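Student: Let us go through this structure by question and answer. Please start with the terms.

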Amino acid sequence: MKHFFTMLLLLSLSAPGCLAAMATGMATGVVVSTDGEPLAGVSLVTNEPSVGAVSDSAGRFTLAYPEGVTRVTFSSIGYHSRQFVIGQVPDTVRLARMYY
């Protein structure tokens, strides 16, 4: 039983490293409104294979993506979505507010 828990612990500690090893690229930056205010909780989702991330309270994001990804979409409730080609994501992504 002791060996079982040891193996379980080793597997759980190595899993994040395995996921990071699958990533072939990284996009980082900040998401802001057109007024320059940081936007928290913006979703970043890639095309197939689908991976995602969320901007933090300061609008910063880090997206690690695997080989084969060609596009990433930034979206948030109340803002127009924007899509970028991987490798052409700007350091500062600006989202425009939707007006009804």
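Tutor: Rings of Phe, Tyr and Trp (its six-membered ring) pair if their centres lie within 6.5 Å; planes under 30 degrees apart count as stacked, over 60 as edge-to-face and the rest as tilted. The model is predicted: local features need pLDDT of at least 70, side-chain atom pairs count only at pLDDT 80 or more, and totals for chains, interfaces and linings use all residues. Residues are numbered from 1 along each chain as its sequence is written, and side-chain values use heavy atoms, with hydrogens and water left out.

Student: Which residues form one aromatic cluster?
Tutor: The structure holds two aromatic pairs. Phe-61 and Phe-74 have ring centres 5.2 Å apart and planes at 75°, so this pair is edge-to-face. Phe-74 and Phe-84 have ring centres 5.7 Å apart and planes at 85°, so this pair is edge-to-face. The cluster is Phe-61, Phe-74 and Phe-84.

Student: Which strands hold Phe-74 and Phe-84?
Tutor: Strands (E, at least two residues) and helices (H or I, at least four) are DSSP runs, numbered from the N terminus. The pair of Phe-74 and Phe-84 ties together parts that are 10 residues apart in sequence. Phe-74 lies in β5, and Phe-84 lies in β6 (residues 82-85).

Student: Is Phe-61 buried or exposed?
Tutor: Buried means under 20% relative accessible area, exposed over 50%, and partly exposed in between (1.4 Å probe, protein chains only). Phe-61 has 3% relative accessibility. Therefore Phe-61 counts as buried.

Student: What is the relative accessible area of Phe-74?
Tutor: Both Phe-74 and Phe-84 are buried. For Phe-74, the value is 0%.

Student: Which pattern does the protein chain follow along the sequence?
Tutor: The protein chain has one helix and seven strands. In sequence order, the pattern is α-β-β-β-β-β-β-β.

Student: What is the strand order of the open sheet of three strands?
Tutor: Two strands pair if DSSP finds at least two bridges between them. β4 (60-66) and β7 (92-95) stand at the edges, each with a single partner strand, so one side of each has no neighbour in the sheet. Pairing in this sheet is mixed, and the order is β4-β1-β7.

Student: Which residue in β7 is the bridge partner of Val-31?
Tutor: Strand β1 (residues 23-33) and β7 run parallel, joined by four bridges. In β7, the partner of Val-31 is Val-93.

Student: How many residues lie between β2 and β3 in their hairpin?
Tutor: β2 and β3 run antiparallel, joined by three bridges. Val-45 stands opposite Gly-52 in β3. The number of residues between the two strands is five.

Student: What is omega for the cis peptide bond of Glu-48 and Pro-49?
Tutor: Most peptide bonds are trans. Pro-49 sits in the loop between β2 (43-46) and β3 (52-54). The bond that joins Glu-48 and Pro-49 is cis, with omega at about -10°.

Student: Which residues does Ser-33 touch, not counting residues up to four places away in sequence?
Tutor: Contact means heavy atoms within 4.5 Å. Ser-33 is in strand β1. At 6% relative accessibility, Ser-33 counts as buried. Ser-33 touches Leu-39, Tyr-79, Arg-94 and Leu-95.

Student: What percentage of the 100 residues in the protein chain is buried?
Tutor: Among contacts with a separation of 6 or more, residues 24 or more positions apart account for 43%. As for buried residues, they make up 26% of the protein chain.
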